[in-house]
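Here is a friendly briefing to read alongside the coordinates. Keep the viewer open and follow the topics in turn.

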Amino acid sequence: MHGSIMLFLWTFPVLVGLGNYLVPLMIGARDMAFPRLNAVSFWMIPIVGILMIASFFVPGGPSQSGWWAYPPVSLQNPTGNLINGQFLWLLAVAISGVSSIMGAVNFVTTIFRMRAPGMTWFRTPAFVWSVLAAQLIQLYGLPALTAGAVMLLLDLTVGTSFFAPERGGNPILYQHFFWFYSHPAVYVMVLPVFGIFSEVLPVHARKPLFGYRVIAVSSVLITGISALVWVHHMFASATPGWMRMLFMVTTMLVGVPTGIKVFGWVATIWGGKIRLTTPMLFALGAIVNFVFAGVTGIMLGSVPLDIHVNNTYFVVGHFHYVIYGTIVLGIYAGLYHWFPKITGRLYYEGLGKLHFVLTFLGTALCFVPMHAAGLMGMPRRVASYDPEFALWNVMASLGGFLLGMSTLPFILNVVSSWILGEKSGDNPWRAIGLEWLTSSPPPVENFEEIPTVISPPYGYGSNEPLVAAHATASPTNSESLIE
Amino acid sequence: MKLRAIVTLAVLAVLLGFFSLWVAQQSYSWMPPEAAAEAKLFDDLFSIFVGLGTFVLLGVTIPILYSLLFHRAGKYDSSDGPPIEGNTTLEVIWTIVPILLVLGLSTASYRTYQKMAIRGPMELVHLHMPQMVEPAYAEPFDDSPQREIRTALETAPIEEIDVTAKQWAWVFHYPDGDVTSTELHLPVDRRIRLSLRSEDVLHGFYVPAFRLKQDIVPNHTIDFEFTPIRTGTYRLRDSMFSGTYFAANQADVVVQPVEDYRQWLADAATQPPTPAYNRAAEEYDRLSEQAVVRGWKSVSPAPAPMVNYAPKQKPSSPPA
């Protein structure tokens, strides 16, 4: 339930919300392509939330099969009731799938059709590229997960036999349905975060994004490769040798486009005029964490190594370094960076930096020990652990508490500066980008006049204007562009 | 000036290389003892990954830290950095290097996997002949641990044992003597072939000291092979979440000299089957006895297995 709630009700909604807000602003559109579809997709999320949370209160308790819901455990239904925790969970996942597919259709259409005049693909910001890459994954992957959830729901309620072994079903088939989407799902979350890095670093290092075109295209490469890696979650499962080897190679290949991005980011800040603002700290911290997660990820992609650490705390540690260390830190970077855009006010730097220090240390203290426990052989999902793992677990718990505390300065910062913060002006970072051309916060329809783009993004250090002169909203903005 | 930068970089890379090598050597101590031939192979491969991983991680982190220290804008400096938009040579290099790196690591992993020669599932046929492991030994550089494995594998007759997993117990059946046990006894330096079966849900056969794991799927019999090379008592854990008492689903694995193993088998064969101790059942009963049952409803544990040999209490293996 921890995993389901965190993914379906926190990470995904936050990122989709950020994308929904920023993509139209960045491409010079007044709104998403299908506003009504957007609303339907949005209002399904509270329903998913209510179903998930309600499952704690039905007799027998919530789903007890983890966020994978592997059959046959997920089909066991000890209470015998028709309405049980697993039932509500599956219903919520299926609805969430439909909601996200609608969202993906909307994003892809918007990015293809609604870019401002003159915004060719290689004038489109890297964040928009990465959102497009992520939403394409949603389009090909989510139907598989949603169908798998519906089949499992039918097995659970009306006794079909897709996955139930005692009725001749194949439980391994479910794993394919589940992972065909749920591994790329990690890229759905991490790609927009890569986009955030690509936006934040040039602004705060005052240098163009190094290798912008390659970084943009590598997002789409990740979309392609990630369609062919899902079996690496099943190396210890029922997979024949050839499948293990094939998916080992494809999994490791993901390291190539992500490596290109990391090197590009490092080269972006190299020799720049770095300002160590809160978004910059979060972005750089997240990149370091991501490289660590990438190293352990390549280890997990290697079949012989995975056979030892699969389903141990090593995986839990790796996963949280991606999900928390990279994605959540990256989301914070984005929230601080666009906070003046969203609210028209400045956040407090001191609180922001405190938030970063606590979060970064908490991440290391909470998740590094998990790798050690995993190498020693502690399985994941255990309700009680053996005494030899105590040291690592106590450390992880302390880190967990620290992470809990770390959100306090964030909440304090956001609430107080939204109400009392200093007015930021339209473009406090002197950033280049269409989203900074309009007022902060933007008017209902974003732009009074749709700008015409005449040069690539990230023109820091050169004097080329981003948009044609007639389209700039106010004199202050055009000044900042010339810098 | 440019030469000096290149020399500095080269020196740093060499230093970093030595440090990574040192970390790679440390990685052996992060793991339980190497109790199976496969564990040695795992540790060697893992060490390579750790070394390269350290190099890459620090290779990225150090330039970031360097930039943060030396490329900071002054407080009142509102100028921009140089408008460098990319460098094709550099970008080609850092595309090709990762490709070579992952292909190299894939190859190393493939060779290790071949040497382990685990019988995967889907290959459900019992092959009553020694495992073919030739490709592993065609290497020119045959170092000593490999030779040990080689002797271990080539001289070893195969010992077959049936393993049944259920919610929540492990039962081991030795066709030789028709013995059942809740403790897995194995002869050292023999190729072991397990037939893994599950009575209910997915389980995972996992012995950390062997670095081996295989999921067990209901309605399938999965062959699984390995070679223990170190006597001692290790822990078998269920690695695939199998319900409420999943964490308690453990057993001891006793690797012993062949003669001791034969003796144990002979002794056990004379014992009449008795119900074995079961931790999951004990925890479940303790909970059910309480006046108010707290917590969510659980599937009830399978009845205690009837076995010839059962340790009298909980598994007692040392941390391993």
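In this predicted model, five of the five residues of S7(B) are buried, so the strand is largely enclosed by the rest of the structure. Buried here means under 20% relative accessible area, exposed means over 50%, and partly exposed is in between (1.4 Å probe, protein chains only). Helices (H or I, at least four residues) and strands (E, at least two) are DSSP runs, numbered from the N terminus.

**Conventions**

- Residues are numbered from 1 along each chain as its sequence is written, and chains are lettered from A and ligands numbered from 1 in the order in which they are written.
- Because this is a predicted model, local features need pLDDT of at least 70 and side-chain atom pairs count only at pLDDT 80 or more, while totals for chains, interfaces and linings use all residues; side-chain values use heavy atoms, with hydrogens and water left out.

- S6(B) and S7(B) run antiparallel and are joined by five bridges; two strands count as paired if DSSP finds at least two bridges between them.
- Within this pairing, His203(B) stands opposite Ile216(B) in S7(B).
- The two strands S6(B) and S7(B) form a hairpin with four residues between them, and Arg211(B) in the turn has a positive phi of about 60 degrees.

**The sheet that holds S7(B)**

- Five strands of chain B make an open sheet in the order S4-S10-S9-S6-S7, with mixed pairing.
- Strand S4 (184–187) and strand S7 (212–216) of chain B each have a single partner strand, so one side of each is left without a neighbour in the sheet.
- On average, neighbouring strands of this sheet are turned by 25 degrees against each other, direction ignored; the axes are lines fitted to C-alpha atoms (for helices over the stretch in contact), and angles run from 0 to 180 degrees between N-to-C directions.
- Strand S6 (residues 203–207) of chain B also pairs with strand S9 (residues 232–238) of chain B, in the antiparallel sense over two bridges.
- Phe205(B) stands opposite Asp238(B) in S9(B).

**Another open sheet in chain B**

- This five-stranded open sheet has the order S3-S2-S1-S5-S8 in chain B, again with mixed pairing.
- Its edge strands are S3 (179–181) and S8 (222–226) of chain B, each pairing on one side only.
- Neighbouring strands here are turned by 25 degrees against each other on average, direction ignored.
- Strand S1 (residues 158–166) and strand S2 (residues 169–174) of chain B run antiparallel and are joined by five bridges, with Lys166(B) standing opposite Ala169(B) in S2(B).

**Chain B as a whole**

- Chain B has six helices and twelve strands, and 50% of its 320 residues count as buried.
- Of the contacts (heavy atoms within 4.5 Å) in chain B between residues at least 6 apart in sequence, 73% join residues at least 24 apart.
- The accessible surface of chain B is about 15,600 Å², with 63% belonging to carbon and sulfur atoms; the areas come from the Shrake-Rupley method with a 1.4 Å probe, and for residues only the protein chains shown count as cover.

**Where chain A touches chain B**

- His308(A) sits in helix H11 (residues 303–309) of chain A and is buried, with a relative accessible area of 0%.
- Leaving aside neighbours within four places in sequence, the contacts of His308(A) include Met31(B), Phe42(B), Tyr206(B), Arg211(B) and Lys213(B).
- A polar atom of the His308(A) side chain lies 2.9 Å from the backbone oxygen of Leu375(A).
- Gly377(A) lies in the loop between helix H13 (349–376) and helix H14 (390–420) of chain A, and counts as buried at 0% relative accessibility.
- Not counting residues up to four places away in sequence, Gly377(A) touches Phe389(A), Tyr206(B), Pro208(B) and Arg237(B).

**Elsewhere in chain A**

- Thr124(A), in the loop between helix H3 (85–113) and helix H4 (126–157) of chain A, is buried at 0% relative accessibility.

Definitions and conventions. A polar contact is a pair of N or O atoms within 3.5 Å; within protein, one must be able to donate a hydrogen and the other to accept it, and residues adjacent in sequence count only if both atoms are side-chain atoms.
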